[in-house]
Amino acid sequence: MSTPTSPGRPAVPASSPAPYAAPRAATSVPTGRLGIWWFLASEVVIFGGLVTIYVLFRLRHPEWGKLAAHTMTVAGAVNTLVLLTSSLTMVLAHESVERGNLRLASQAMLQSVFAGGVFLVIKAFEYTHEIVQGFTPVAGLFWSFYFAMTGLHALHVLGGLVAILAVRRAVQRGENPHRVEYVGIYWHFVDVVWIFLFPLLYLASRG
Amino acid sequence: MSHDGHAEAAGLWSRIFSTDHKVIAKQYLFTGIAMAFLGGILAQIMRLQLSNPGHPVPGLGVVQGIKYNATVTMHGTVMIFWVAMPLLLGAFGNFLIPLMVGTRDMAFPRLNMLSYWTFFLSTVVLVSSFLVPGGPSPVGWTAYPPLSAIPAYSGNTWGVHLWILAVALELVAFLMGGINYITTAINLRAPGMRMRDLPLVVWMQIAASIIFLFSVGPLVAGAVMLLLDRTAGTGFYNPAAGGDPLLFQHLFWFFGHPEVYVLLLPGLGIVAEILPVFSRKPIFGYRMIVWSTVVTGLLSFVVWAHHQFVSGIDPRLAAPFSLTTILISVPVAVTLFCFMATLYRGSIEFKTPMLFALGMMAVFLIGGVTGILNGSAAADIYIHDTYFVVAHFHYALIPPVFFSFFAGIYYWYPKMFGRMMNETLGRLHFLGTFLFVNVTFLPMFVMGLRGYPRRVYDPSQFVALGNMGGMQILATIGTAGLLFSQVPLLINFFGSMKRGRVAGANPWRANTLEWLAPSPPQHGNFDEIPSVYRWPYEYSAPGRDNDWYPQHVAPEGALSRKAG
């Protein structure tokens, strides 16, 4: 496509493929943090929609309480603890980056990744146990909701693990240390979602 | 996008997978235009069938039953998700926001690129659904279960699967885009630019993106649930399994109605930019328009059930939803009155962008006023699912999606491609479009009030409705004329790229920052990031030689002015 140049236009270097980094923050909030909060706002609506739908159905179907009793409450409780701990180590990673201790930060992030991995292993164990008992995703609407909601959450955990590992690799090279905070905010969100899912799906089991 | 000659070959890959907001804007633009012709042709197929019931449409045979339903479905889907969204938000949002706030690119250029290519993938999935056995989805663009949830009911398996997948991908693409728009406009503003110095179109793009972001999530979840119902055998929407088909209607319209404002607001924003420039007057009621936008956005979340007055919702819900629906016309009317007041005693120049901006207001007025009829539950029960509704939402959506888009294209084409478009062809395009939109859709109000139902492929079946053949033929002539009226646009659009008059940086003598950048702007937009000294609508300011006063021009030193 040939494009004309306007008269008096200064000579411009050929367009470089490199994207421009955001030059400034007009508000005092760093652009990355602002972006991650808006991203989380959209996530809140996705999970919020699902949780609302589930609660409305749950009120209509008191008999689901008996089904919920078949979930593995102890495994869920352990997982809650595991996920909360992983959030703690993310906070420590952020704190270490702020203090300029990148080695400690990368160590703490590895601990978060480990905890996230443990969470997924326990969740996989639960799924196996439930499916073997016949509680498959199509065994009834309660189980459809259970698998859809925890499954979507597990995908977010998995995505978080990949994101933390990517940020960690960059931080080890000394690049983009501010992203530890952003990936941390996301990780806490994943944690908070679980705090809603655990009581709704596991504990509210007596109808 | 401009290049030095020698860099041309090396940069092919980076030109296709570009992170430059202007390239991405053009990618959205061309995809959207191509899809607009697909959507227009689908409309013409329907019209030909309706005006000649029982007889074959040339080349396609008799378009009836599933075939007709698929045509209706794909027309609606394509026009809303693959034309309106990429043109208004994808093209103009991407092109204008960084330029107008005075920055070099979007806040997250790579995310922006990912957004377009996700959209492109969704386009491929949608178009490929025309090629699968059974053809594209015939379940309506609203995809209500149980018709959409149980493949046996619609007689279509893969078309609907792909439709759901494509729509979900498209929504995710614009979610990524929206996060970028909001963050960019909030945080990348040039030094000195306060939020109240933002051009209104940027305000409207932010508002539209926020509305989209807060309404789309449940539908993304709902679409996945629908896909699971169809493929895995879950029963979210199946009453036999304890599910509820009404649930999908709620999820769909909780997104679907705010979506109307997602499309309307950027359209109004484009008009708001054009009116002051071609009236040489400041916009009237800047703050009122901004607040009206905010109120419209908030109200748009509590009107959705007016689509469900006859769906079996609790009748006690009908009154509050009628109320909010009628209420939302107030802030929109405030905006339109501000626009009219902007024209009052202005030095109006009837250039093509202005013609389309005025046309937008005129046509949208009819769409808005008839919306009040649909909004009150009592009237809606009579006109629900008739051609009255079809006429109403075309009058409501064609103005922002096409009139505003055309206005914006004629106005910003010099900035996008560096050359002016031809005025004569532009006027011809406007006259044809304005005339044939009304020829197409005015008869539908009459047909609708007489009770003619939508989504029916053979009007002659309803003997009781009497002979509406004349109006059907008139509407078909209208769509054909509308399609042909786009020929001058195409000639103008592609011809002006080579032959148009070189535009220069600021051909319209406008104030906003994009006119400071060269036409077309290079990668990075500005040689130096500008500083902003005033709001964008300082036209015909007293005591100045020029009747425009760009945002980036520093006021003459207070001292020297006093001395003079």
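A nonpolar core is a set of buried Ala, Val, Leu, Ile, Met, Phe, Trp, Tyr and Cys residues joined through C-beta atoms within 7 Å; buried means that 20 or more other C-beta atoms, placed from the backbone, lie within 10 Å of a residue's own. This is a predicted model, in which local features need pLDDT of at least 70, side-chain atom pairs count only at pLDDT 80 or more, and totals for chains, interfaces and linings use all residues. Residues are numbered from 1 along each chain as its sequence is written, while chains are lettered from A and ligands numbered from 1 in the order in which they are written.

**First stop: the core.** The largest nonpolar core holds 222 residues, and V202(B), V271(B), I274(B) and A407(B) have the most contacts inside it.

**Next: V271(B).** Leaving out residues up to four places away in sequence, V271(B) touches F339(B), A357(B), M360(B), M361(B), S404(B) and A407(B); contact here means C-beta atoms, placed from the backbone, within 7 Å.

**Then: R189(B).** Look in the loop between α7 (158-187) and α8 (200-231) of chain B to find R189(B). Is R189(B) buried or exposed? R189(B) is buried, because 24 other C-beta atoms lie within 10 Å. Setting aside neighbours within four places in sequence, R189(B) contacts A26(A), V101(B) and G102(B). Select I97(B) too: its C-alpha atom is separated by 9.5 Å from that of R189(B), 92 residues apart along the chain.

How values were computed: A residue is buried if 20 or more other C-beta atoms lie within 10 Å of its own, exposed if 12 or fewer, and partly exposed in between; C-beta atoms are placed from the backbone. Two residues are in contact if their C-beta atoms, placed from the backbone, lie within 7 Å. Helices (H or I, at least four residues) and strands (E, at least two) are DSSP runs, numbered from the N terminus.
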